[in-house]
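The tour below goes stop by stop.

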Amino acid sequence: MKDGGRLAAAIEILGDVEQARRPVQDALRDWGRQHRFAGSGDRLVIANLVFDALRRRLSLAAIMQDESPRALVFATYARIWGFGLEGLSAVLDGDRFAPEPVSEEEAARLVADAPSDMAAHVAADIPEWLWPQFFEAFGDAAVEEGRALAARAPIDLRVNLLKGDRERMLRKLSHLSLHETTISPVGLRIEPPLGKERAPHVQAEEGFRKGWFELQDEASQVAALVAASVEPAQVLDYCAGGGGKTLALAGAMGNRGQIYAHDASKLRLAPIFERLQRAGARNVQVRDPEATSIADLEGRMDLVFVDVPCSGTGVWRRRPDSKWRITPNALAARVREQREVLAAASRHVRPGGHLLYATCSLLPCENGEQVRAFLGEAGEFEAVSLEPRWSGLFGDAAPRPRFEEPGFATLSPARTATDGFFIALLRRREEG
Ligand SMILES: C[S@@+](CC[C@H](N)C(=O)[O-])C[C@H]1O[C@@H](n2cnc3c(N)ncnc32)[C@H](O)[C@@H]1O
């Protein structure tokens, strides 16, 4: 396929996504099934166009004064990918599979400056109903953060210390053009590809199969390192899911102590077994929710890690379609769920032990407000200051998150060059 046909396909898929309000991956898969002639290079360019158009949906629509899939895809190709009006017109010209040529009106908008009177949420590409929360989280930096959340995300790897160190891995994987992350001492980063470029398929690397590294955003690596800094021997990962944080904790603990991996969903836990094996993690016991209970762990854990289900607003760079699909009802349901999960998880902390609450959200209602409400109800817990711990763990030169209160840290794309992520470290007071 030539770019003209790819642009037409991206417009069709974007229309499908918007009309049916369904995930892009599903629409892309269905389109691929119906167009078997399209090669992997075609599919990549089409997917990149759709995702990039969704990332900046509001600001591109404002520039084009048109929110149709055609306007968004044209603006992405000409303005974001840098082909300009000339490049776009050239690929539409004489290609019978391409969309209709650019109209005069469209041409003028494709080259015009962005309107100076865009509303803040439009400039930031944040859904209007979420803007008050987003602004509350970031204040004057909210537009900058929104723009950073609308960019592509890098690929971050976490070096598995059970199998090697970062220096060695940097040498072994040098063909991937990666560099060290600036906060996590075990992170390596591949910058996001531009325009039509393809990101490297790191899971196809021999090193991945051998368990030398895992794919994990730097913010999640940091959360696990902060949790492990309390030097726990007995750990409960209460919402372990596929085991991302469990594996990071096992690495940080050097396979010592005992980690219990729990999740309400047996299905979500399923990938963990193979991942533990690949990583060489031997201090993890998976507690299948359908076969065993965790009642025996109540009041016994040095650390409970609670990576609650959340809105995922912090990972919009990776899932831009979810930005436009989230609803007030779904958010309210998440907030209720988090309250229950946090209360239930906290019962497993021993007196003097710690709890780390984490979300990949940037919304105060899922983060600071949630923890403050918990601390108000559960008088036996207190927040632990993260600021001095941050410097101790990552040094003074590392980017610093926003410390809304000494015990709460928010990482974000503009500030820490990571996914959006919130952590709060709490401690249960000693009895008596
Ligand atoms: C953010 S995901 C966890 C991701 C995981 N920690 C990782 O790093 O890969 C949240 C998880 O919470 C689980 N969950 C939801 N409600 C729960 C509950 N009441 N108790 C325990 N886990 C729950 C979900 O099944 C989901 O796997």
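Where is the place of S177? Select S177: its place is in the loop between α11 (166-172) and β2 (179-180). Helices (H or I, at least four residues) and strands (E, at least two) are DSSP runs, numbered from the N terminus. Two ground rules apply. Residues are numbered from 1 along each chain as its sequence is written. The model is predicted: local features need pLDDT of at least 70, side-chain atom pairs count only at pLDDT 80 or more, and totals for chains, interfaces and linings use all residues.

Phi of S177 is near 45 degrees, a positive value in a residue other than glycine. S177 is exposed, because it has 10 other C-beta atoms within 10 Å. The cut-offs are these: a residue is buried if 20 or more other C-beta atoms lie within 10 Å of its own, exposed if 12 or fewer, and partly exposed in between, with C-beta atoms placed from the backbone.

Now select R21. R21 lies in the loop between α1 (3-20) and α2 (24-34). Phi of R21 is near 45 degrees, again positive in a residue other than glycine. R21 is exposed, with 10 other C-beta atoms within 10 Å.

**Whole protein**

Zoom out. The protein has 21 helices and 13 strands. Its radius of gyration is 23 Å, close to the 22 Å that the globule rule gives for 432 residues, so the protein is as compact as a globular protein of that length. That radius is taken over C-alpha atoms, and the globule rule is 2.2 Å times the number of residues to the power 0.38. Along its principal axes, the C-alpha trace spans about 80 × 45 × 45 Å. Of the 432 residues, 44% count as buried.

Colour by pLDDT, the predictor's confidence in each residue, from 0 to 100. The mean is 96, and 100% of residues reach 70 or more. For the complex, the predictor gives an ipTM of 0.99 and a pTM of 0.96.

**Helix α3**

Select R43, in helix α3 (residues 40-55). R43 is partly exposed, with 18 other C-beta atoms within 10 Å. Not counting residues up to four places away in sequence, R43 touches G32 and A38. Contact here puts the two C-beta atoms, placed from the backbone, within 7 Å.

Show the buried residues of α10: A142, V143, E145, G146 and L149. Seen down the axis of α10, they fall within an arc of 160 degrees, so they line one face of the helix. The arc is that of the directions from the helix axis to the C-beta atoms. These buried residues pack against α8 (120-124), α9 (131-138) and α21 (413-416).

Step on to A150, in the loop between α10 (142-149) and β1 (155-159). A150 counts as buried, because it has 24 C-beta neighbours inside 10 Å. Leaving out residues up to four places away in sequence, A150 touches R55, R56 and D125.

**Last stop: the ligand**

Show the 16 residues around the ligand; C239, G241, G244, A264 and D307 come nearest. Then highlight α14 (244-252) and α18 (328-346), which each supply at least two residues of the shell.

Note on methods. Near = placed C-beta within 6 Å.
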